[in-house]
Amino acid sequence: MPNKIQNILKPISRAAQNHITKRVANGMFDAKTLLGASIAIDVYSNGVDYLQISQNKKINKQDKNYLKAYKLTNGIVEGLIQIAAGAMLLNNKSQEYLLRVSRKITGMPLNPSKMVKNNFRILTTLAGSAILAKRILAPIIVTPLTTYVRKNTDIRNK
Amino acid sequence: MLTLPFNNYINKEISKINKLNRSSIQLKTKNNMQRNGFGAGKINKSATPPDLLKRAGLFFKKTYNSVLEKEIGQTASNLINYTGKAIISPLMIFTIAPFTNEKKDSIRNSAVLHPIQAVLAFASSLGASVITNKILDHQAKKGTLGNFIDPELGNFFNPAKTNGKNNLAKLKNISTFFLTIIAIPFAGILLNKILPKIIKTDKTNQENHAKKGKLYA
């Protein structure tokens with residue numbers, strides 16, 4: 001049985017092995033993949049909501065249009081904002097600055113090992129992109145954008 | 001005649017010792033109450049704001065340090081994402097609400113919707129990932145996943161090159177990512193079933209299709 005499973009999974013497992021070895025060796029790549037995964041999950045969830053709204057028969061046409069436009073703009077803006085925040089925070093310079101700030105505030109981490117540095121990088125990027133950028137900045141941008149998109153869709157429908 | 005004062009002396013001494021003992025016992029009980037007592041002792045000790053701040057700071061430092069030393073993977077990123085959705089997005093809705101023309105009911109409902117959605121999505125993904133992680137651990141110990149992911153055998157044969165434990169952790173991250181993607185639509189279906197039971201709308205609201213649409217979205 002074990003040999004059969006290995007034979008079936010060989011082509012997938014080679015790619016997965018390369019990916020995993022790269023992630024273990026390179027902390028930056030690990031952080032980038034985690035950020036990319038979170039962005040993909042967000043865009044995907046917005047797409048699923050869009051499909052569910054379009055299939056729902058209990059919603060009025062006007063509200064349907066508005067909700068569709070909202071989900072579309074939300075997905076695009078959230079993705080773009082998270083990419084921008086990740087690019088801002090993943091740099092070595094910004095990481096050094098953030099380490100200095102954390103040392104001043106909490107006194108930690110004094111002598112960071114490689115693993116602690118990687119974890120700090122992942123934590124800061126995820127907190128900055130998933131909480132600050134996506135939850136606070138994105139809704140401020142999305143609400144006026146949706147009205148603009150909705151107007152355009154209304155014109156198209158007429 | 002000599003015995004009486006002696007006795008008196010002893011009695012006095014004993015009474016003194018007893019008093020001391022009592023006082024010491026009382027002190028001990030007080031200290032124990034303050035340390036381990038439920039409610040009153042702790043409140044008395046932590047009533048002053050600087051103490052509270054210090055305790056909160058120490059707790060924050062401990063958790064921060066422990067988090068940095070552990071491995072942060074896909075589940076942690078999911079947790080960060082969904083806690084943000086549960087806590088911050090309702091607050092943002094209430095802050096943006098005065099600038100929009102929506103009614104109070106719809107604003108309240110949309111604020112309630114976000115935490116429920118976040119909890120459902122996180123719970124479904126976590127439940128699936130815990131089960132698969134256990135299966136992966138079991139299979140890795142058996143050796144069905146090969147030497148690359150074997151945490152024990154791989155290190156024994158090739159201690160310098162193989163990194164079985166870390167490889168297993170990364171494999172778990174990949175599996176949890178795909179499981180969250182699978183779990184999101186199921187969480188949406190669950191939400192559609194649960195929401196009408198939690199948020200009780202009026203009859204007029206039920207007749208109004210627009211509000212219903214916003215609830216079900």
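In which order do the elements of chain B run from the N terminus on? They run α-α-α-α-α-α-α-α-α, and the secondary structure comes to nine helices and zero strands. Helices here are DSSP runs of H or I with at least four residues, strands are runs of E with at least two, and both are numbered from the N terminus.

This is a predicted model, in which local features need pLDDT of at least 70 and side-chain atom pairs count only at pLDDT 80 or more, while totals for chains, interfaces and linings use all residues. Residues are numbered from 1 along each chain as its sequence is written, and chains are lettered from A and ligands numbered from 1 in the order in which they are written.

**Stop 1: confidence**

Colour chain B by pLDDT, the predictor's confidence in each residue, from 0 to 100. Chain B averages 73, with 62% of the residues scoring at least 70. Then select residues 211-217 of chain B, where pLDDT stays under 50. The model has 24 contacts beyond four places in sequence for this stretch; two residues are in contact if their C-beta atoms, placed from the backbone, lie within 7 Å. For the model, ipTM is 0.84 and pTM is 0.73.

**Stop 2: where the chains meet**

Show both chains. Here 40 residues of chain A are in contact with 38 residues of chain B. On the chain A side, two or more residues each come from helix 1 (2-8), helix 2 (10-25), helix 3 (27-55), helix 4 (61-89) and helix 6 (114-157). Helix 6 of chain A gives the most, with 13 residues. Coloured by type, this side of chain A divides into 24 nonpolar, ten polar and six charged residues. Ala, Val, Leu, Ile, Met, Phe, Trp, Tyr, Cys and Pro count as nonpolar, Asp, Glu, Lys and Arg as charged, and the others, Gly among them, as polar.

**Stop 3: the cores**

Select A:A31, A:L34, A:L35, A:A37, A:I122, A:L123 and A:L126, which have the most contacts inside the largest nonpolar core, a set of 14 residues. Such a core is made of buried Ala, Val, Leu, Ile, Met, Phe, Trp, Tyr and Cys residues joined through C-beta atoms within 7 Å. A residue is buried if 20 or more other C-beta atoms lie within 10 Å of its own, exposed if 12 or fewer, and partly exposed in between, with C-beta atoms placed from the backbone. Helix 3 and helix 6 of chain A each give two or more residues to this core, and helix 3 gives the most, with six. Apart from this core lies another, of nine residues, among them B:Y82, B:A121, B:L179 and B:A183.

Return to A:A37, which touches B:Q74 and B:F177, not counting residues up to four places away in sequence.

**Stop 4: helix 5 of chain B**

Select residues 104-142 of chain B. This helix has 39 residues and reaches 58 Å from its first C-alpha to its last, close to the 57 Å expected at 1.5 Å a residue; the expected span is 1.5 Å times one less than the number of residues. Its buried residues include B:L113, B:Q117, B:A121 and B:S125. The buried residues of helix 5 pack against helix 4 (74-96) and helix 7 (164-198) of chain B. Just after helix 5, B:G143 takes a positive phi of about 105 degrees.

**Stop 5: A:Y50**

Finish on A:Y50, in helix 3 of chain A. A:Y50 counts as partly exposed because it has 19 C-beta neighbours inside 10 Å. A:Y50 touches A:K68, A:K71 and A:L72, not counting residues up to four places away in sequence.
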